[in-house]
Amino acid sequence: TLPAGPIYVAYSSITEDSIGQKSDIYFSRSIDCGVTWSTPERISRPADRINQGATIAINPQTGAVAVVWRKFDLEGDQDSIMVAVSRDLGAKFGLARVAQRFPRLQRIVERIAEHRRLRTAKQAAEIASFDQGTSAAALAFRTNAYPSAVYDAQGRLYVAWTQRGFATSNPDPADGHARILITTSTDAA
């Protein structure tokens, strides 16, 4: 026997239902050095179809557990960084909340349609959240903007991510540069 704190894991469970692909964020913990694990609990919201890139931060003062991830909204304008918090060492989580909402970059969607020679912008919107078009026709690369999270010694939660749309001379966010952004919270709400 050795003294140890709980072990936590958060992950995306990718499935398919009658509507299409779905990925939910699940959380499990072990309080006996990994011998047994709790039944995984879905902590992402049921209405949010695509959730990926979970990361965990532990408050050193209280033991509160924050799970932060990226929510992709393939049909709307609600791409977001999400956070759910457990104040009882991972036994139960509160409702997931939006830490940052991303602006919808319609011009990027239109450019992807043009580069990929897709018939409609809707076809491009289906991939725009995951793929960033390049200047070479039909090429793309991943830019998922998965977050990072950490608590400081005073219990303040820091969440950092990358985000496009910071133009220096052109007000169009689709032409803007990417930046690393950060938000903080003292209560993770």
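# Contacts, rings and charges in a predicted chain

Residues 24 or more positions apart account for 44% of the contacts in the chain with a separation of 6 or more, where contact means heavy atoms within 4.5 Å. This is a predicted model, in which local features need pLDDT of at least 70 and side-chain atom pairs count only at pLDDT 80 or more, while totals for chains, interfaces and linings use all residues. Residues are numbered from 1 along each chain as its sequence is written, and side-chain values use heavy atoms, with hydrogens and water left out.

Q: How many bridges join strand 1 to strand 2?
A: Two strands pair if DSSP finds at least two bridges between them. Strand 1 and strand 2 form a hairpin with four residues between them, and Gly 20 in the turn has a positive phi of about 145°. Ala 10 stands opposite Phe 27 in strand 2. The two strands run antiparallel, and the number of bridges joining them is 10.

Q: What kind of aromatic pair do Tyr 8 and Phe 27 form?
A: Rings of Phe, Tyr and Trp (its six-membered ring) pair if their centres lie within 6.5 Å, and planes under 30 degrees apart count as stacked, over 60 as edge-to-face and the rest as tilted. For Tyr 8 and Phe 27 the centres are 5.5 Å apart and the planes make an angle of 35°, so by this definition the pair is tilted.

Q: How many residues apart in sequence are the parts that the pair of Tyr 8 and Phe 27 ties together?
A: Phe 27 is buried, with a relative accessible area of 1%, and Tyr 8 is buried at 14%, where buried means under 20% relative accessible area, exposed over 50% and partly exposed in between (1.4 Å probe, protein chains only). Because Tyr 8 lies in strand 1 (residues 7-16) and Phe 27 in strand 2, the separation in sequence is 19 residues.

Q: Which residues form one aromatic cluster?
A: Phe 27 is buried, and so is Phe 93. Phe 27 and Phe 93 form an edge-to-face pair, at 4.6 Å centre to centre and 65° between the planes. This pair links parts of the chain 66 residues apart, with Phe 93 in the loop between strand 6 (80-86) and strand 7 (97-101). The aromatic cluster consists of Tyr 8, Phe 27 and Phe 93.

Q: Is Asp 48 buried or exposed?
A: Asp 48 is placed in the loop between strand 3 and strand 4 (50-58). Leaving aside its neighbours within four places in sequence, Asp 48 is in contact with Lys 22, Ser 23, Asp 24, Lys 71 and Met 82. Because its relative accessibility is 8%, Asp 48 counts as buried.

Q: Which residues are linked with Asp 48 in a network of salt bridges?
A: A salt bridge is a side-chain nitrogen of Lys or Arg within 4 Å of a carboxyl oxygen of Asp or Glu. The residues linked with Asp 48 in the network are Arg 45 and Lys 71.
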